[in-house]
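Open the model in a viewer and keep the selection panel at hand. The stops below are given in the order in which to select them.

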Amino acid sequence: MNISHIEHLGIAVKSLEQAIPYYEQILGLKCYAIEEVADQKVKTAFFKAGQTKIELLEPTGPESTIAKFIEKRGEGIHHIAFAVDNLQKSLDEVAEKGVQLIDKAPRGGAEGLEIAFLHPKSTIGVLTELCQDPKNNAE
Ligand code: ZN
C-alpha cells in the first residue's frame, strides 16, 4: 500500500450549525463545501488545513452510524482517512495480512472520492478509511 498523505480527519458532531463557527471563527478555516451523503445518513462540512481536510459529520437520523457513535463515545474524532493510489489493491493487501474490512470493495464517498473502511477491531481502535481520488488513478 502506498499512502501519500492524510486525506482527511472525520469528526462526529451533533450539529454542523454549532460546529462550523468554531472552525471558521476560532481556527480561521473556511468551510468550502456542505454535502449530504444519503446512504451514510450524514451531512458533511469540509475545511482545508493545507492538503489535509477536516470533514465534520452530522447524523441525519437516529439510525446513522454517526448518531450511534456520538451516543456511545460523544462528539469527537471519528475516523482518519489516508489517501492511497490504488484502493482496491490496498484493500486486498491488508485483507491478506488479516485485517478485517468493513468495505471489501470501494464505494462512493463525499467529494467524488472512492472510499473504504477498515474495521476498528483490526486497527487498534481507530476507524480507518482509505480513499482514492478517481481523477488521480495511478494505473
Ligand atoms: Zn471520511
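The tour goes from the metal site to the salt bridges, then to a loop and a surface patch.

The model is predicted: local features need pLDDT of at least 70, side-chain atom pairs count only at pLDDT 80 or more, and totals for chains, interfaces and linings use all residues. Residues are numbered from 1 along each chain as its sequence is written, and side-chain values use heavy atoms, with hydrogens and water left out.

**Stop 1: the zinc ion.** Select the zinc ion with His8, Glu55, His79 and Glu129. The ion is coordinated by His8 (NE2), Glu55 (OE), His79 (NE2) and Glu129 (OE) at 2.0 to 2.4 Å. Donors are N, O and S atoms within 2.8 Å of the metal (3.2 Å for Na, K and Ca); water is not among the atoms, so the site may look incomplete. The arrangement is irregular because the four donor atoms subtend angles of 81 to 174 degrees. Strands (E, at least two residues) and helices (H or I, at least four) are DSSP runs, numbered from the N terminus. His8 counts as buried at 2% relative accessibility, and Glu129 is buried at 3%. Buried means under 20% relative accessible area, exposed over 50%, partly exposed in between (1.4 Å probe, protein chains only).

**Stop 2: Lys53.** Select Glu7, Lys53 and Glu111, which are linked in a network of salt bridges. A salt bridge is a side-chain nitrogen of Lys or Arg within 4 Å of a carboxyl oxygen of Asp or Glu. The closest N and O atoms are 2.7 Å apart for Lys53 and Glu7, and 2.9 Å apart for Lys53 and Glu111. Lys53 is buried at 11%, whereas Glu111 is partly exposed at 26%.

**Stop 3: Asn86.** Asn86 lies in the loop between strand E5 (76–84) and helix H3 (87–96). A polar atom of its side chain lies 3.1 Å from the backbone nitrogen of Lys89.

**Stop 4: Ile26.** Select Ile26, which lies in helix H1 (residues 16–26). Is Ile26 buried or exposed? At 62% relative accessibility, Ile26 counts as exposed.

Terms used:
Tetrahedral: all angles 85-135°; square planar, octahedral: opposite > 155°, others 65-115°. Polar contact = N/O pair within 3.5 Å; in protein donor to acceptor, adjacent residues only side chain to side chain.
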